[in-house]
Amino acid sequence: AHNRGVMWWRAAQNLQEALAADLDPLAVVIDRAHAKGRRLLCSLRMNDPTTALDENSYMLSRLKRTNPDILIGEEDPDNPHAATCADFAHPEVRQERLAIIEEVCGHYGADGLELDPYVRVFFKKSAVREHTPLLTEFVREVRTLLDRIGQVRGEHLWLSARVHPLESVNLNSGMDLRAWLGEGLIDFAVATPPSMLFDAEMPIGWLADAARASGAGFYVQLGRAPYDDRYHHPTIEMYRAAAANYAAMGADGLYVSDLAWPPQAAEYQILREMADADISAYKDKHYLPAPREPEITTGLRYLPVELTTGCQIEIPVMVGDRLQGAPLRGATLGLRIVQCCPEDRWHFSFNDTPLVANRYEHFYGGIVSYTAARGGLPQRIDTHYWFYFDIPPEILREGINKVEVVLEQCFEPLVAERILHQVEIRINYIVPHQPSGGQL
């Protein structure tokens, strides 16, 4: 069970020892942030599917435990979590959430709040459209509460909301972000990935435009892991690529989470570079589009795709680098094709310019991280070839680049399906010498 492992024992033991020492963990965190001149927002999980029958009883609220009639109850075949979530159509559910916010911000002194939809369930599926204005009214009440507390303290308390990158998914749960932004109810929105996969191309243009029109901020949260057997954690080059892409899409910055704790040199480098896009503007980047995932609404993802003889496959890859005048050292394109046979014949091009591979690598198969596979993707990437190409700098574009693959002749005795599994672009820059110790 999730809450029987040593991780949960350690958390419980730490909490018990803190309470025994007359330390309130939330007060300690908020006071430490204020002593360092930092503002601290608490994240409130708006709903969860826990019931008394679940092992994870630490998330079972007193309200749900004592009032089972406030549960949604209605089964949703598209969302197994829905039935045991609290129904925000009940006034007592909304009031309980407001009471928690008042305690955290009014009593403890937090500087604001993040609304975390978590499983994105607020109402019965059949009543979402009817109750969408009710959820907007709830957000108004949160804003009014924060303004009242802030007026006493002589400061503005922030309100943010995590949102799905697709507007339709938000609306299908009752979250009308355009209304929230248009009324000035939230100070900034955070687009969160629909799974744990690292994704540098989420379609967030609509949200960036809506936030900009209302004067609100807009940030993008990154996933935990790429779907790749070579990397079980995002590299600094992947972070830089994501930062460049989302800056080009209009984001004000990145919402960095899920870093290893306690932080070491790699984590501090990520935090330093992601704090300012100019720091990584002319540093090496690795663009790695995320694949489609079973039963997860992800937006524009094009991989993997089956390759059939004579059919031209086009894959767009976004490159957010500011290339004009950049000190480029070179750029490479990588293509992973599963079950490729040496007897097959291929045609490759990049932005309509034919390319010839200058390096090949063959793999029997690789194991991806557990985190990357949690969305239902296979944990093992089957036998494949990597094709690598040098990209002439003059054909590399800022924005969308087009990768074209044609299986011109298939070695038919090998009946396995050829799959274009992965596409990547690496950009390398000329960097000055970096001495270790001593003087320049």
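Student: What does the radius of gyration say about the overall form of this chain?

Tutor: The general idea is to set the value for the chain beside the value that a compact globule would have. In this predicted model, the chain has 440 residues, for which a compact globule would have a radius of gyration near 22 Å; the chain has 25 Å, which agrees. Taken along the principal axes, the box filled by the C-alpha atoms is roughly 70 × 60 × 45 Å.

Student: How many helices and strands does the secondary structure of the chain contain?

Tutor: The chain comes to 11 helices and 18 strands. To see how the chain is tied together, one may turn to its contacts: of those with a separation of 6 or more, 79% are between residues 24 or more positions apart.

Student: What share of the residues is buried, and what share of the accessible surface belongs to carbon and sulfur atoms?

Tutor: Buried residues, those under 20% relative accessible area, make up 48% of the 440 residues. The accessible surface is about 22600 Å², and 52% of that surface belongs to carbon and sulfur atoms.

Student: How many positive and negative side chains are there, and how far apart are the centres of the two sets?

Tutor: There are 42 positive and 60 negative side chains, and the two centres lie 3 Å apart.

Student: Which residues have the most contacts inside the largest nonpolar core?

Tutor: That core has 68 residues, and Ile 186, Phe 218 and Tyr 246 are those with the most contacts inside it. Helix H5, residues 128-153, supplies the largest share of this core, with eight residues. Apart from this core lies another, of 36 residues, which includes Tyr 385, Ile 391, Ile 395 and Tyr 429.

Student: Which residues are in contact with Phe 218, leaving aside its neighbours within four places in sequence?

Tutor: Among them are Phe 188, Ala 189, Ala 191, Ile 204 and Leu 207. The contacts of Phe 218 also include Ala 208 and Ala 211, as well as Gly 250, Ala 251, Asp 252 and Gly 253.

Student: Which residues of helix H8 are buried, and what do they pack against?

Tutor: Helix H8 spans residues 205-214, and its buried residues are Trp 206, Leu 207, Ala 208, Ala 210 and Ala 211. They pack against strands S3 (158-163), S4 (188-191) and S5 (217-221), and against helices H6 (167-173), H7 (177-182) and H9 (236-249). Just after H8, Gly 215 takes a positive phi of about 80 degrees.

Student: Where is Gly 250 found, and what does it touch?

Tutor: Gly 250 is in the loop between H9 and S6. Its relative accessibility is 23%, so Gly 250 counts as partly exposed. Not counting residues up to four places away in sequence, Gly 250 touches Ala 208, Arg 212 and Phe 218. From Gly 250 to Gly 205 there are 45 residues in sequence and 7.3 Å in space, C-alpha to C-alpha.

Student: Is Pro 234 buried or exposed?

Tutor: Pro 234 is buried, because its relative accessible area is 13%. This proline lies in the loop between S5 and H9. Leaving aside neighbours within four places in sequence, Pro 234 is in contact with Phe 198, Gly 223, Arg 224, Ala 225, Pro 226 and Tyr 239.

Student: Is Glu 130 buried or exposed?

Tutor: Glu 130, in helix H5, has a relative accessible area of 60% and is therefore exposed. The C-alpha atoms of Glu 130 and Gly 174 are separated by 8.8 Å, although the two residues are 44 apart along the chain.

Student: Where do residues other than glycine take a positive phi, taking Asp 22 and Arg 120 as the cases?

Tutor: Asp 22 has a positive phi of about 60 degrees and lies in the loop between helix H1 (6-20) and helix H2 (25-35). Arg 120 has a positive phi of about 55 degrees, and its place is in the loop between strand S2 (112-116) and H5. Asp 22 counts as exposed because its relative accessibility is 72%. Arg 120, at 19%, counts as buried.

Student: Which residue is joined to Pro 262 by a cis peptide bond, and which to Pro 304?

Tutor: A cis bond is read from the angle omega. The bond from Trp 261 to Pro 262 is cis, with omega near -5 degrees, and Pro 262 is in the loop between strand S6 (253-255) and helix H10 (265-274). Leu 303 and Pro 304 are likewise joined by a cis peptide bond, with omega about -5 degrees. Pro 304 is in the loop between strand S7 (285-287) and strand S8 (305-307).

Technical notes: Residues numbered from 1 in each chain as written. Heavy atoms only, no water. Core = buried A, V, L, I, M, F, W, Y, C linked by side-chain atoms within 4.5 Å. Buried < 20%, exposed > 50% of the residue type's maximum accessible area, 1.4 Å probe, protein only. Helix = DSSP H or I, 4+ residues; strand = E, 2+ residues; numbered from the N terminus. Contact = heavy atoms within 4.5 Å. Rg over C-alpha atoms; globule rule 2.2 N^0.38 Å. Areas by Shrake-Rupley, 256 points an atom, 1.4 Å probe, with all protein chains shown as cover. Lys, Arg positive; Asp, Glu negative; His and termini not counted. Charge placed at Lys NZ, Arg CZ, Asp CG, Glu CD.
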